[in-house]
Structures are given as structure tokens and as C-alpha cells.
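This briefing goes through selected local features of one protein model.

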Amino acid sequence: MSQVERAVEALRNSGLVVLPTETVYGLAADVSDPGAVARVYAVKGRPANHPLILHLAAGARLDTWAAQIPEYALGLAADLWPGPLTLVLNKTDRVRGYVTGGQSTVAVRVPDHPIAQAVLTEFGGGLVAPSANLFGHVSPTTAAHAEQDLADRLIPDVDVVLDGGPCEVGVESTIVNCTGPAPEILRPGTLPLSDIQQAAGVALVESTDPTIRVSGALESHYAPAASVQLLTSAEQMRPDPSLRPRIGLLAPYEIPTPSGVVRLAAPRDELEYARLLYASLREADALQLERIEVIGPDGDGAAARAIRDRLNRAAADRSS
Ligand code: TXA
Ligand code: MG
């Protein structure tokens, strides 16, 4: 039996599948199986009121799962799926409250990864798939990262881990609320705003609705064990790292590494930065660094904004 066939069989028997996508690895379960979905929450340690994203095969009927779909959302789906884009839409009765945290909306995405697509197509239904990390921790961009967080909680011969190599995008999908008159970004991702705007055919609006729950909007999230300190320039780096040796640096390529500091990554552009971000945070923990000094990417690009968003949460006060 192939890996994809094993995964599909596991899903049909209420098992969970660690599934590679182009953004980050997901922890997948059959959306129509309440017991399997309950295990997704239990395995992640995720609060039950944090809704899950429904993943569909390319070409699957959206109106099975979503109702009153606005024209601009059809445009986004037509132009940008498969891809790192999640649409929040009004749900149909087919989507149960245990998926949406009791909300009347559902988040839907068609991932652009050959293994995810093979599993979805062969499975035929919908799969919930939150990022395959423990709640609040750094999202996994390799199968090994997912196993570091979840291996103890998965059940051998019931659950399956699929290894699709490192994720191409590296940060989670852009989430767009499509329940109002115009699309609204709820979680920034790497998709250029101009692409979203063009596919939607109407202007984006600023996010305002505090009642829409996005778990990434919690204060501390995407956080490694090492403390994360955000710097705006190389001048702010600790002048003499030899006084406190366990420091890592994540910064764009042009910033030099002071002696005594562990360079975690030196990305050459914002897309490479996104791809290396989470692996760098996890590497700092593997090296038992005490703290990570981080200089984020410059500029207004979507990926740069998405990275700064994740870094702000990784650096947020954990006591709250
Ligand atoms: O790239 C991704 O989106 C990855 C891969 C695995 O597909 N998935 C992911 O899932 O990031 P998760 O569960 O870690 O984050 C899902 C986000 C949460 O912030 C959740 O609150 C939001 O989607 N969400 C889900 N349903 C929603 C809804 N009905 N309204 C608003 N936000 C929703
Ligand atoms: Mg997540």
C-alpha cells in the first residue's frame, strides 16, 4: 500500500494524519467524524472554541460546505486556489458546530501540495487540518517538527505521518473574511495583496470585527522556548555576546553575525525568510539557546508583513 493509501485508510478509520501542505504541516481528520475531530483538539491541546480550517481537493464543490458565497469570493477561489489562501464563508448544515467552534461561518482552503491533493482527492470528502503543533507553539514546516510536538500523542497503527519534505511557503495561509460586502484580511500570509485585490475584483477592507476568532490573534503564539527579542537594527544587538553565550541571531543576509552569536538563518529575501522562520525558531530550542535576537524583514510586501506578525506573537509576553 502506498503512503497516500495508508493515510486515506487511516482517515476512514477515525485516525489522524500529519499532512504536508505548501504552508505548514497540518494535523488532518475527517470533517464528518466528530470523534476524530475531537482528537485533533485533544492532541494539539487546543481550546474547543478555536475553529478549524476545512481542506478540500482542487475542483471540489464549494457550495456543499459554504452558502451565500459572494461573487468576489468565487473570484478568489477561481484565481488563487490551490494556494495559501483560506476563505471564511457562511457554512451549510453539512459543516457541524464542532468544526467551527459553534460559529455560523467556516474557513475553507484548497492546499497546493501534491501529497495533500492526492490524499484529499483519494479520500473524497473534507479534512480539517490545523497546524500540526502543540497549541501556542511554533508551526511545523517538516514532518520531524510535527513529530517533535505530537509523536507521543499519536497512536501507532491508527494515525499516519506523511513526509513531504520542507514546506515551500513556511508560514500559514492568508485568511480572508468573505462574509461581508468586501474581502477583509484576518491573518496575513505571503500572497501579495495586489493578487488578492485583482482576483476579488473589489477593494479590500481593513479588519475590524473583534468577534471573529482567529487563534493566531492571541497574544503569545508561534513561540519557541527561547525568549524572542525583536530588534530594528544591528546596532541594538548585545554588544558583547561572550558575556552571555547562548544567543541566536535571525536576520536578513546583509546583517553580519557578531562573534559568539549563533546565526540561525541569513535569508536573502522575504520569501526565503518566511520559509526559514519556523525552522530557525525550533533550531534555537534544539541548541538550547536562551534567547533569540531577531531583525525582521523590511518593507511592505505581504510576506514581510506576515513574518513581522508572527514574530510579534513569538515575542509577546507569555504571562498573559
Ligand atoms: O496554512 C494554513 O492555514 C495551515 C495549513 C495546515 O493549512 N492551517 C492552519 O490552521 O494554520 P490553524 O488551525 O493553525 O489556524 C486556523 C486559523 C485559526 O486562527 C482559526 O481561528 C481561523 O483559522 N479560523 C478558522 N475558522 C474560522 C472562522 N470560521 N472564522 C474566522 N477564523 C477562523
Ligand atoms: Mg496554528
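**Helix H7 and its cover**

Helix H3 (71–80), strand S9 (174–177) and strand S10 (184–187) are among the elements that cover the buried residues of helix H7. The model is a predicted one.

- Helix H7 spans residues 193–200, and its residues Ile 196, Ala 199 and Ala 200 are buried.
- These buried residues line one face of H7, because they fall within an arc of 95° when seen down the helix axis.
- In an α-helix there are 3.6 residues a turn, so residues three or four places apart point the same way.
- Gly 201 follows H7 and has a positive phi, near 75°.

**The four-stranded sheet**

- An open sheet is formed by four strands in the order S11-S14-S12-S13, with parallel pairing.
- Its edge strands are S11 (227–231) and S13 (262–265), each of which pairs on one side only.
- From one strand to the next, the twist averages 30°.
- Strand S12 (residues 247–250) and strand S14 (residues 291–295) run parallel and are joined by four bridges.
- Ile 247 has Arg 291 in S14 as its bridge partner.
- Helix H8 (residues 270–286) lies across S12, S13 and S14, and runs at about 140° to S13.

**Asp 159**

- Asp 159 sits in the loop between helix H6 (143–150) and strand S8 (160–161).
- Its relative accessibility is 9%, so Asp 159 counts as buried, the cut-off being under 20%.
- A polar atom of the Asp 159 side chain lies 2.8 Å from the backbone nitrogen of Leu 16.
- The Asp 159 side chain also reaches the backbone nitrogen of Ile 155, at 2.7 Å.
- Leaving out residues up to four places away in sequence, Asp 159 touches Gly 15, Leu 16, Arg 39 and Leu 154.

**The aromatic pair**

- How many aromatic pairs does the model contain? The count comes to one.
- The pair consists of Tyr 222 and Tyr 278, with ring centres 5.9 Å apart and planes at 20°.
- The Tyr 222 and Tyr 278 rings are stacked because that angle is under the cut-off of 30 degrees.
- Tyr 222 is in the loop between H7 and S11, while Tyr 278 is in helix H8.
- The two residues are 56 residues apart, and the pair links distant parts of the chain.
- Both Tyr 222 and Tyr 278 are buried.

Terms used:
Residues numbered from 1 in each chain as written. Chains lettered and ligands numbered in written order. Predicted model: local features only at pLDDT ≥ 70, side-chain atom pairs only at ≥ 80, totals over all residues. Heavy atoms only, no water. Pairing = 2+ DSSP bridges. Axes fitted to C-alpha atoms, helices over the stretch in contact; angles between N-to-C directions. Contact = heavy atoms within 4.5 Å. Buried < 20%, exposed > 50% of the residue type's maximum accessible area, 1.4 Å probe, protein only. Polar contact = N/O pair within 3.5 Å; in protein donor to acceptor, adjacent residues only side chain to side chain. Arc of directions from axis to C-beta. Phe/Tyr/Trp six-rings, centres within 6.5 Å; stacked < 30°, edge-to-face > 60°.
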